[in-house]
2 protein chains.
Amino acid sequence: MTDLPLEPLFAGPGLDRADTLRADAAAIAALAENHTARQLEWCDGLPVLSPEGKLAWAPVSRPELFLGFDGDCPCFCSVEAVAPDARSAFPAMALLDSGDAPLFAAVLSLARWHSRHGYCANCGQPTEIVRGGWSRRCGACDAEHYPRVDPVVIMLAEHDGRLLLGRQPQYPPGRYSALAGFVEVGETLEAAVARELGEEAGINVRNVRYVASQPWPFPSSLMFGCHAEALGGELRIDTTELEDARWFTRAEVAGALCGARDAPFQPPPRAAIARTLLERWLAA
Amino acid sequence: MTDLPLEPLFAGPGLDRADTLRADAAAIAALAENHTARQLEWCDGLPVLSPEGKLAWAPVSRPELFLGFDGDCPCFCSVEAVAPDARSAFPAMALLDSGDAPLFAAVLSLARWHSRHGYCANCGQPTEIVRGGWSRRCGACDAEHYPRVDPVVIMLAEHDGRLLLGRQPQYPPGRYSALAGFVEVGETLEAAVARELGEEAGINVRNVRYVASQPWPFPSSLMFGCHAEALGGELRIDTTELEDARWFTRAEVAGALCGARDAPFQPPPRAAIARTLLERWLAA
């Protein structure tokens, strides 16, 4: 198992975001005129990748979003209509260079947020891009609106040496993965994990432990991978959310990750943090 | 130090949110008619508290938000204009019963979100409350909008046995606290901690570790308390964000938390997760 990556996709430092520059519109405009400045290429709702999986760049034409610096080069992006879900992006994500992945995630979320937030939620009037593309301001009521980052918990529950995995109806045949759900207002990470496992699988848990996080730009989630101890093994599945949920042994999980012919399930893809959680559980 | 609480305020399970009921408007309307149903009392932009710090309830009059069940009692809330910042709520937070605190946080964020999100960010038309108050839908373009939960990192950096704490200009005299900032799109928790400490204090860090989380309803943050190891002790402070930042020894932190007369700083209030981070660091 030593060749498996243990870091989630989209993790890493990404660009120098140079956020102190964002308030200085004149400085950003001057950077866009710099001969080293460049702009991300897009095609069919996704950033274009080279055959090596690197982001493709073009001369600056619509510097609507200031992304930061790659070394000395100022990097920009236009506001694009973005592919709506992960399925259309999975081929690109499988090719994507891990060093460029954090920027890929950031621009997908940022561009999509702009394309769907042209009006003020407070008063209904049109808003305009400010802060180099990192917020929008309403000229009518002066409200400022920031891109969303929506926390999601995704968790492995363990009981008696076995892991709980579930199937959503839209999954490819045979796939099982970690249960997940949005964190709501007024909840800690730990409370959200306990609530979701109670709602979806009918189990009570203790000792919720954070493992790793991953930006998931469909459209703007931040996935918090967690582990929890289930107090019992009896399941009461919410069939409006899940088609099935089961406990799997360590040998079954190992077989699935290795692609064994008799594996009892297909694991989540490498791009997903659920895969990282399974790999780390096996490696522990 | 054994009498200090190690759990952040607003942590805990709160109500049974009964989220599977939210799609059933008729069921929620029937619950509002139930003789055990009750509605939170508000005054001056905050929920009313009893002298014992418990939330105060009244008969149902405007059941706009369905909060869930307290035992068998259906609990509702009206959409209110909410006090805008933590300062006006600190007296209530000091009195607040810890069991009622998660609900206090949830209703503050939820009510304020509704009062500031009456229009569709996608098309500018008015939206209406749906799902028992847990989202708003636009009749014109059919977009659905959910309450925001904004992840924030708040962190202690450690170097050579000392902790980095900073002062924002608006703090009360003498207070130092943990540095903090919003997580942006395309970032992991760990990347956000590293970026914020680089931007605000000019330090590089490794081994970022999650400690605890806390809802902070001003207006809708989810604070992720973290610890990081600084690679060096030299500071380069961003004076647009911080008035000062310094390294404090264990003895200095202990003195501040105990309220020692010669303590070199005033600690953050008990309601803040920064206080929890300091207490846990001392207890470790």
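Trainee: Which residue of chain A comes closest to the rotation axis?

Mentor: That's G124(A), with its C-alpha at 2.1 Å from the axis. Before we go on, keep in mind that this is a predicted model, where local features need pLDDT of at least 70, side-chain atom pairs count only at pLDDT 80 or more, and totals for chains, interfaces and linings use all residues. Residues are numbered from 1 along each chain as its sequence is written, and chains are lettered from A and ligands numbered from 1 in the order in which they are written.

Trainee: What rotation superposes chain A on chain B?

Mentor: A rotation of 180 degrees, with 0.0 Å of shift along its axis and an RMSD of 0.0 Å. That is the relation of a two-fold axis. The copies are superposed by least squares on the C-alpha atoms of residues with pLDDT of at least 70 in both.

Trainee: And how many residues of chain A are in contact with chain B?

Mentor: 47 residues of chain A are in contact with 47 residues of chain B. Two residues are in contact if their C-beta atoms, placed from the backbone, lie within 7 Å. Also, 100% of the interface residues of chain A are interface residues in chain B too, so the copies meet through the same surface.

Trainee: Which element gives the largest share of that side of chain A?

Mentor: α3(A), with 6 residues. At least two residues each come from α3 (101-115), β10 (150-159), α4 (189-201) and β13 (205-216) of chain A. Those labels are DSSP runs numbered from the N terminus: helices are H or I with at least four residues, strands are E with at least two.

Trainee: How do the residues on that side divide by class?

Mentor: On the side of chain A that touches chain B there are 23 nonpolar, 14 polar and 10 charged residues. Ala, Val, Leu, Ile, Met, Phe, Trp, Tyr, Cys and Pro count as nonpolar, Asp, Glu, Lys and Arg as charged, and the others, Gly among them, as polar.

Trainee: Switching to domains. What does the assignment give for chain A?

Mentor: Domain 1 (1-116), domain 2 (117-147) and domain 3 (150-283). Those bounds come from an automatic or database domain assignment. The centres of domain 1 and domain 3 of chain A, taken over C-alpha atoms, are separated by 29 Å, and 17 residues of domain 1 of chain A are in contact with 15 of domain 3.

Trainee: Which element gives the most to domain 1's side there?

Mentor: α3(A) again, with 5 residues. By class, the side of domain 1 of chain A that touches domain 3 has 14 nonpolar, 1 polar and 2 charged residues.

Trainee: Back to α4(A): how many of its residues are buried?

Mentor: 11 of its 13, so α4(A) is mostly covered. Buried needs 20 or more other C-beta atoms within 10 Å of the residue's own, exposed means 12 or fewer, and partly exposed is in between, with C-beta atoms placed from the backbone. The buried ones include L189(A), V193(A) and L197(A). Just after α4(A), G202(A) takes a positive phi of about 70 degrees.

Trainee: Which residues have the most contacts inside the largest nonpolar core?

Mentor: V153(A), M155(A), V193(A), V153(B), M155(B) and V193(B), in a core of 144 residues. A nonpolar core is a set of buried Ala, Val, Leu, Ile, Met, Phe, Trp, Tyr and Cys residues joined through C-beta atoms within 7 Å. Leaving out residues up to four places away in sequence, V153(B) touches V193(B), F224(B) and C226(B), among others.
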